[in-house]
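Please look over the sequence and the structure before reading on.

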Amino acid sequence: MILVTGGAGFIGANFVLDWLATCGEPVVNLDKLTYAGNLENLASLARDAGHVFVRGDIGDGAAVARLLATHQPRAVVNFAAESHVDRSIHGPGDFIQTNIVGTFHLLEAVRAYWGGLAAPEQAAFRFLHVSTDEVYGSLGPGDAAFTETHRYQPNSPYSASKAASDHLVRAYHHTYGLPVLTTNCSNNYGPYHFPEKLIPLMIVNALAGKPLPVYGDGMQVRDWLYVKDHCSAIRRVLEAGRLGEVYNVGGWNEMPNIDIVNAVCRLLDELRPRADGQSYRTQISYVADRPGHDRRYAIDARKLEQELGWKPAETFESGIRKTVLWYLEHPQWVAHVQTGAYRDWVKTHYAA
Ligand code: NAD
Ligand code: TYD
């Protein structure tokens with residue numbers, strides 16, 4: 001079996017669902033259930049003996065050690081993190097605790113467990129760390145896309161904390177020989193995405209008749225990847241990645257934010273037209289920019305394609321249509337994630 005951390009969040013939950021559907025190998029899922037963790041994402045696994053959920057913190061070394069000893073996983077896939085840039089600007093403390101200190105405690109527990117395995121199990125063991133393209137910093141309009149050797153230049157407390165965790169993972173391989181793999185992926189979108197991030201926020205706000213807040217001039221560029229393509233990339237790297245290597249994961253799909261928002265509006269106009277016949281675009285509202293806002297991210301995913309044969313299955317057009325349809329078909333999920341805590345965040349963050 002494998003141990004997944006952060007498997008009740010957006011990407012982690014998609015990964016666990018796809019993993020059990022594609023290979024069926026059992027999963028132990030360790031998640032702290034912060035505001036971003038949602039067991040409803042895994043409701044379809046309620047009667048699946050292949051999924052064992054454990055509520056806990058990756059920073060609790062003793063608890064992680066007990067889990068490892070009990071379940072004897074052949075691999076650990078680490079998704080657990082604080083993940084929202086805007087929240088990291090308002091309060092970086094949790095990002096330092098989970099993304100840096102938490103990853104350190106997780107690595108320590110894994111190192112001790114791995115060190116005690118018999119030689120064949122030790123050789124087969126993998127620790128896969130899920131990271132982001134944001135560690136590389138911001139690109140100018142004509143710059144080449146990020147390769148795995150691009151220098152680290154993180155600009156937000158979120159990306160700095162992820163960068164630190166990447167360095168720790170690297171050091172545990174270099175120093176202790178821990179068999180690690182790291183993936184640095186671009187912006188994901190798809191089902192179960194918490195509506196504080198751009199795409200689900202736009203869908204949910206549009207349907208609620210609320211403004212669609214676009215930061216600054218809306219011309220910041222991100223490289224968008226459908227979440228299930230990220231999951232297939234992680235499975236492939238876990239299966240065949242070279243030890244100690246880093247693999248960039250991206251969708252070859254750079255788009256300015258305003259084009260993303262317009263694409264969401266266009267789909268909603270088609271699939272759920274407004275009662276007054278107007279376009280959802282009329283709800284677009286330009287708001288103050290994010291401090292230190294990175295202008296452009298772009299991923300060069302050729303290493304993953306050439307070495308391991310991975311390619312995304314979805315285009316942006318097919319992926320965004322699936323995503324909008326999923327939100328239209330899951331109003332209850334949306335209603336449930338909009339708890340008091342989430343409403344408080346939206347009120348504070350968008351107050352100005
Ligand atoms: P998310 O915020 O939706 O989910 C994070 C999950 O981790 C939640 O279930 C949360 O409860 C859990 N968690 C938080 N702190 C924990 C702790 N201390 N111990 C155990 N569990 C804890 O995030 P996501 O978007 O699913 O991202 C998952 C991973 O992928 C993160 O490491 C993130 O940096 C990385 N990533 C995300 C994107 C993206 O576009 N969302 C892109 C590239 C990489
Ligand atoms: P986000 O989904 O927060 O991901 P990240 O900051 O990790 O890339 O934001 C994606 C882009 O959308 C980013 O450039 C910020 C922008 N954005 C808005 O314009 N308005 C919003 O309300 C949000 C949440 C994001």
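## Elements around ligand 2

Which elements each supply at least two residues of the shell around ligand 2? The model is a predicted one, and in it the elements concerned are α3 (85-90), α7 (198-207) and β8 (212-215). With three residues, β8 provides the largest share of this shell.

The surroundings of ligand 2 comprise 18 residues, and the closest are E134, P213, R290, H293 and Y350. Sorted by class, the shell holds seven nonpolar, five polar and six charged residues.

## Polar contacts of ligand 2

A nitrogen atom of ligand 2 lies 2.8 Å from a backbone N or O atom of P213, while a polar backbone atom of Y215 is 2.9 Å from an oxygen atom of the ligand. A side chain takes part as well: a polar side-chain atom of N257 is placed 2.9 Å from an oxygen atom of ligand 2. On its own, ligand 2 has 510 Å² of accessible area, of which the protein covers 97%.

## The surroundings of ligand 1

Ligand 1 is surrounded by 28 residues, and I11, D31, S83, Y158 and K162 are the closest. The shell consists of twelve nonpolar, twelve polar and four charged residues.

Specific atom pairs can also be named. A polar backbone atom of F10 is 3.1 Å from an oxygen atom of ligand 1. The side chain of D57 places an N or O atom 2.8 Å from a nitrogen atom of the ligand, and a polar side-chain atom of T98 lies 3.1 Å from a nitrogen atom of ligand 1. Two or more residues of the shell come from each of α1 (10-22), β5 (126-132), α6 and β7 (187-189). The element that gives the most is β5, with three residues.

## Helix packing

Two packed helices are described by the angle between their axes and the distance between the axes. Helix α4 (residues 93-115) and helix α6 (residues 157-176) pack at an angle of about 15°, and their axes are 8 Å apart. The two helices, α4 and α6, are therefore roughly parallel. Their crossing is right-handed.

For helix α9 (residues 257-271) and helix α11 (residues 316-329), the axes come within 10 Å and cross at roughly 55°. Helices α9 and α11 are thus oblique to each other, and α9 passes α11 in a right-handed crossing.

Notes: Residues numbered from 1 in each chain as written. Chains lettered and ligands numbered in written order. Predicted model: local features only at pLDDT ≥ 70, side-chain atom pairs only at ≥ 80, totals over all residues. Heavy atoms only, no water. Near = heavy atom within 4 Å. Polar contact = N/O pair within 3.5 Å; in protein donor to acceptor, adjacent residues only side chain to side chain. Areas by Shrake-Rupley, 256 points an atom, 1.4 Å probe, with all protein chains shown as cover. Helix = DSSP H or I, 4+ residues; strand = E, 2+ residues; numbered from the N terminus. Nonpolar A, V, L, I, M, F, W, Y, C, P; charged D, E, K, R; others polar. Axes fitted to C-alpha atoms, helices over the stretch in contact; angles between N-to-C directions. Parallel < 35°, antiparallel > 145°, perpendicular 65-115°, else oblique. Left-handed = near helix turned anticlockwise from the far one by under 90°.
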